[in-house]
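Below are some notes on the model, written for a colleague who will look at the coordinates.

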Amino acid sequence: MDVARVWPADPADIWVGRQRELAVLAAAVDSLGRGEGSVVWVEGEPGIGKSALAAAGAAAAGEAGWNVFWGTADQLSQRLPLRVVLDCLRVRHKSPDPRSAAIADYLRNHRPGLLAVDDVVYAASEMVQALVDELCATSPTLIVIDDLQWADEASLTVWHRLTLEVGQLPLLLIGTCHRDPRRSSVQELRAAVLRRGGTVIAVGPLTDAEVDELVTGMVGVPPQGSMAPLLAGAMGNPLYLRELVTALRRDRLLANGSAQADTPSDALTEIPPSLVAALSDRLSFMPAGTVELLRAATLLGSEFAVTDLAALLRRPVLELADEVRDAMAAGILTEVDSRLAFRLPLVRQVLYDGMPLAMRAALHLDAAQTLAASHAEALVVAQQLSAAGRSGGDWVRPWLLDAAPALLARAPELAVELLQTEVDEARAHDGEWAALTVALARSLLELGRNAEGVRRARQALVTAAEPASRAEIHWLLARSLFSTGNDDQALETVGRALSGQDLPDVWRARLLASQAMFQRAHTGDLDAADAVAHQALQAGEEAADAFATAYALLSLWMTSSIRRDHLAALDLLDRALDALGAGTGNADLRAFILDGRIFTMQNLDRWPDAEATLLEARASARRLDSRGVTPSITAAVLMYWLGRWDDALGEVSPVNEELAEVTYCGLRERGPALLWHGVAALIAARRDDRRAAADSLSAGLALPMLTAADRENSDFLVAAHALAAEQEGDPHRALSILSTFLHRRPGEMTLVHQWLPDMVRLALAVGDRATAQAALRMCEAEAAAERKPARAGAASSRCAGLFNRDPEALRCSVEHYRAAGPAVELAGALEDLAVVLADRGKVDEARSLLNEAVDLYDGLGAAWDIGRAERRLRALGIRRGVHGLRPQRAALGWEALTPTELKVAHQISQGMSTPKIAETMFLSRRTVQTHISHILIKLSVRSRVDIARQAFHRETGGELLEAQ
């Protein structure tokens, strides 16, 4: 990558004090050279020297030949998602690095249709993080973000996630920030840096002695006499001091060697005592045309394109050459890549603040109109409109309607702000008001701001005349109502839309498909839902609409799955994938279908096929640059049942804690978040890590359960909650919690059979045979519903064996799990069979089965299950015996690594980046990061370099790394 070696801030030419701060940065740079990453947070007031300190670190890294990136945030960048990190990493359309160009092209070409608007930002964030991973694989990398207090939220999120990776990568992050940032997100980021062992450098004012030293270094002699009060007014701020001394020297009031008491005091008092005056004075010596150019440039932010500046001034680019050269010669502007930037942000602030508010607003509006006329990027125009803070007049509305889709993809909050302003200004009877209200309603609903979105959508429906727009608003409104649990209102909205005479065929098909989904969830009447879904399927095929066709087939898949006709369900999913074809459209719908296919393969006991579909889903997500959250959650569930609990936890690691919701065609769903917390809580509880279990359980139980999807995805959370109660010594409460599975609502998907054996065990343990029998009957009903005997049948045999003390029924269950899986169920079935045999006096066989079960539990790390199994058998006089004892897995060293961690360590030793490891091992990048974190802890090392070094010594020492 062609990395710029010039950063906007320069190291100080005269360093006074700051030895401790420089030493901290030098140590961080030295550690980076050894492959050890870190985070340094530099804070202080403007002008105190934060940027100069960061530049010192950048200079040292640049001299070493490493990757160095510098980005600066400002007030105008806050509403542009990822703007700061994209500028920092020089992500440009014409970048010589194909990875950077691919990110820029992705952002430029994305246009939201029916997809969730925040997916593009998330996908781009993932691409940016992958880019950083790959840069670090080639060279130590330093990334500086100056003035983090102004950074947009998406950039702050990327910065936070990079701080979680510095222990795995040769990556040094330096952020500068005002001393007391008001934004809570910035405060939280600072706290996260401290929590993870980062360093905070608080840069304070220079002491009096240091002020004297600085001035002496600049003019040759110590300051005396009338200089003292003037310098005191600078309050120890190096930038203030430098600007004041420079102004004095420029005015010939101070020459080298003459900072003495004989300098006329009245002359010195003519020099402004504040920095603002000093900077203004500095500008007063520049040609008027250059100052005019600089004032115009302040409207564009701290960094800007020359072409935008020329458009703003309504002058050809060539005419600006002399003035730009003067500004650069004066050290006010500097060149950053192919753009210009203010070298001293405070100069820009002085110029900008020097204009009256009313004039600034008018200038921003004029700039917006001029830039729009010159076909500038929509985000640049929108930034000017936002800075104006008021309606832009007649020209803005048609421009905004045309630009809204692109703005919604890149800066959704900014799009909503501008639409809101224009809707409130326009008249209700204007045609533009209706179109703007439709666009605003669509934006709000897709952002998940349901209450406001519903209100605006209903306003739009009153005046919207275009049939397709009315249909789309009905569709989005219905989905928003459905996502908040208002099923009846959602159905009413769809019905009203379908009754329209001028409804376009495409929208009729999509609305019918939604109606089938809503009806199933609301009434549980599968036959009625199927009837509507078949209408939707026919309408979608007649309209040649791939989305409606696939969506209707997905509805039919759901009802077939609820009926437990999994073979028919699989056929419907394959037809849906065929309908979508191999194109790049409808990425989220495709992901949802592949997610369903994994689910169906599990229900058919086709576990290898489920894994293969997961790989296909991951490949599709990479190919389409889609968000990929659902595959991670689905992978966690699949890996739980396969007994790959470390991998499952990797999928639900804290790195992903911000993913509280996922989106699907404009619908925010909590279901995946419930699964997210439920899987983590259940694994932690079974491993007897009660603190971690309680944290995940608390987070999951705090989420509201409003929809059928919420209830269908809460089963892991319910199981974890019950296990927590059992661990607290309250089996009755545990049984009560599990008993919620006996009350599944009509038409709901939940696979209760996988939890019913534990309910039978608990019920029998507390003497509640009625509840045990109810659980058995429900499991038998589940098994009977399976058109092809599979998982429910095995669970039913296990329940019957427990309830009737029938070893043969339990043997059938054990043999099923041995042959078909899932692996996790085998250990429980062996434990139950051992208990029943021990009760019948078959001691040797019971002990052998107990040992096998404990071995399996040990492989999972299921410490609670081991203890429970031993307690159950001990009560019947059975102990494991010497041959059943196994040494515990080591806590540290290579012996502590799991098979997956060994594979990851081997890949690291081969010099592979995190994205490449993820691609090779068919894992998500986040899961690989989690494994690397575990490896670092277990090997007691600090960096990937150390992992590679230890792996090399291990291999060359004859202990070849076995990545099985």
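1. A disulfide is taken here as a pair of cysteine sulfur atoms within 2.5 Å. By that cut-off, this predicted model contains zero disulfides.

2. Where is the cysteine sulfur closest to that of Cys799? It belongs to Cys779, at 3.9 Å, and this is too far for a bond. Cys88 is another buried cysteine, its relative accessible area being 1%.

3. The largest nonpolar core comprises 109 residues. Those with the most contacts inside it are Tyr640, Trp641, Leu682, Phe716, Leu756, Val904 and Ile947. Helix α42, spanning residues 823-839, gives the most to this core, with eleven residues. As background, nonpolar side chains tend to be buried together in soluble globular proteins.

4. Leaving aside residues up to four places away in sequence, Trp641 touches the aromatic residues Trp607, Phe716 and Trp755, among others. Its contacts also include Gln602, Gln754, Arg791 and Glu825. Pro822, Ala823 and Val824 are touched as well.

5. For the chain as a whole, the secondary structure comes to 48 helices and ten strands. Of its 964 residues, 59% count as buried.

6. Among contacts in the chain with a separation of 6 or more, 70% are between residues 24 or more positions apart.

Note on methods:
Residues numbered from 1 in each chain as written. Predicted model: local features only at pLDDT ≥ 70, side-chain atom pairs only at ≥ 80, totals over all residues. Heavy atoms only, no water. Buried < 20%, exposed > 50% of the residue type's maximum accessible area, 1.4 Å probe, protein only. Core = buried A, V, L, I, M, F, W, Y, C linked by side-chain atoms within 4.5 Å. Helix = DSSP H or I, 4+ residues; strand = E, 2+ residues; numbered from the N terminus. Contact = heavy atoms within 4.5 Å.
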